[in-house]
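Subject: Structure handover

Dear colleague,

I am passing on the structure below, followed by some notes on what was found in it.

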Amino acid sequence: FNKNFISDDSKTLIENRLTSKELEVVYLMLEGLTNDAIANELNITSRTLKAHVSSIFSKLHVNDRVSLILLLR
């Protein structure tokens with residue numbers, strides 16, 4: 001994943017607010033992976049992945065992936 005896709009301000013925001021696992025999830029989401037693909041990549045259950053995604057959305061005050069991507073651009 002090319003982390004240059006997101007701004008330095010966005011990197012600072014997510015690095016300060018998210019756990020290391022949540023950061024992994026965000027970067028995989030930005031690559032366009034589905035929830036199932038992310039869960040497989042990280043070797044966690046779909047349920048655990050959904051908990052991470054909900055936490056990410058809550059911490060960043062977004063409701064969906066599109067809003068997340070727009071926030072981080």
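Does R17 count as buried, partly exposed or exposed? R17 counts as partly exposed because its relative accessibility is 40%, where buried means under 20% relative accessible area, exposed over 50% and partly exposed in between, with a 1.4 Å probe and protein chains only.

Please keep in mind that this is a predicted model, in which local features need pLDDT of at least 70 and side-chain atom pairs count only at pLDDT 80 or more, while totals for chains, interfaces and linings use all residues. Residues are numbered from 1 along each chain as its sequence is written, and side-chain values use heavy atoms, with hydrogens and water left out.

R17 lies in helix α1, residues 8–17 (helices are DSSP runs of H or I with at least four residues, and strands are runs of E with at least two, numbered from the N terminus). Leaving aside neighbours within four places in sequence, R17 is in contact (heavy atoms within 4.5 Å) with E22, K59, L60 and H61. R17 and I56, although 39 residues apart in sequence, have C-alpha atoms 8.7 Å apart in space.

As for the whole protein chain, there are 5 helices and 0 strands, and 36% of the 73 residues count as buried. Among contacts in the chain with a separation of 6 or more, 55% come from residues 24 or more positions apart. The C-alpha trace spans about 30 × 25 × 20 Å along its principal axes.

Best regards
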